[in-house]
Amino acid sequence: MHIVRVFTGAAVAGLTALSALIVAPAAQAEAGAPPPPSPDQERSLSDDPGAGGPGVLQSSDGLFLTGDWDGDGDDTAGLFEYGSPNRFYLRNSNTTGIADIVLTYGDGGFPVVGDWDGDGDDTIGIVAQNSPSTWLLRNSNDSGIADVTFTYGDFGYPLAGDWDGDGDDTPGLMQSQFDGPNRWFLRNTASTGIADATFTYGNLGYPVTGDWDGDGDDSAGLVSLDYDSANTWWLRNSNTTGIADTTFTYGTGGWEAAGDWDGDGDDTVGIVYYGNPHTWHLRNTNTTGNGDISFSYGG
Ligand SMILES: [Ca+2]
Ligand SMILES: [Ca+2]
Ligand SMILES: [Ca+2]
Ligand SMILES: [Ca+2]
């Protein structure tokens, strides 16, 4: 139900510009000003993750995570620091402060977050991207070895969500293509096998997943990050080919986030600006407007 994205390469500015051209904005920025861009919002990708490449999916300086680490119903901030071992810094409230949980887990890879065992709390995982990719999921937010290991998918954006609404989060993959729609491959069990749901949705953009309509299942979304005006979000309520059910603008550039910040049952969006410190701007409705919650965490 949460997204993470990687930043070690070179193509993000081009990708963002291209997606802004290809995906016609359906909503205009309104008077409610999005959060100001950070002076240090530039980032780069060494490659298009959808195009594959073993060196791509490694963070260089940290990644923004969100999850319900304490299982109390709201999703809060976390940070991933790539290394050997990786370090995770998890916070249980969306307020300025230090990590409530610091742990080491795994060695490199792409971080994922989900409620793998369906007990109500979100925990960490790592995807080692390859052909196939290996998923190493842990059911508690502490150091240790993987509780669940399987292979699923290959290169692209690893996703996690409760696609079938049965209470546990399972793997997914989005592959972006420059010459066609994004391809989504979602699986309903955390095990080796083929996708249970395969569809195309959107063109370029970055994936976000969440329970946008609060009906219990997580579904696909995309954001086109715009550093000059406003980011456009396209959220879909079913995991099928089709157009967005909800389109709005929120934020200017930055890094996308999604989660249930206020614990009311639906997932909404947020933007994080990389900096020292990082600043988080979370919105409690999937509509254009200002952030409802702003704080500094990490950096
Ligand atoms: Ca929580
Ligand atoms: Ca859990
Ligand atoms: Ca499920
Ligand atoms: Ca839903």
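Trainee: How many bridges join strand S5 to S6, and do the two run parallel or antiparallel?

Mentor: Keep in mind that this is a predicted model. To call two strands paired, look for at least two bridges between them. Here S5, residues 110–114, is joined to S6 by five bridges, and the two run antiparallel. For one contact to look up, take Val 113: its bridge partner in S6 is Ile 124.

Trainee: Okay, and what joins S6 to S7?

Mentor: A hairpin of five residues leads from S6 into S7. The two strands run antiparallel, with four bridges between S6 and S7, the latter covering residues 134–137. Find Ala 128 and you'll see its bridge partner in S7, Thr 134.

Trainee: Is S6 mostly covered or mostly open?

Mentor: Count neighbours: a residue is buried if 20 or more other C-beta atoms lie within 10 Å of its own. In S6, residues 123–128, five of the six residues are buried, so the strand is mostly covered.

Trainee: Now the other sheet. What is the order of its four strands?

Mentor: The order is S9-S10-S11-S12, in an open sheet with antiparallel pairing. At the edges are S9 (157–161) and S12 (197–200), each of which pairs on one side only. From one strand to the next, the twist averages 20 degrees.

Trainee: And how many bridges do S10 and S11 pair over?

Mentor: Five, again in the antiparallel sense, between residues 170–177 of S10 and 180–186 of S11.

Definitions and conventions
Residues numbered from 1 in each chain as written. Chains lettered and ligands numbered in written order. Predicted model: local features only at pLDDT ≥ 70, side-chain atom pairs only at ≥ 80, totals over all residues. Buried ≥ 20, exposed ≤ 12 C-beta atoms within 10 Å, placed from the backbone. Axes fitted to C-alpha atoms, helices over the stretch in contact; angles between N-to-C directions.
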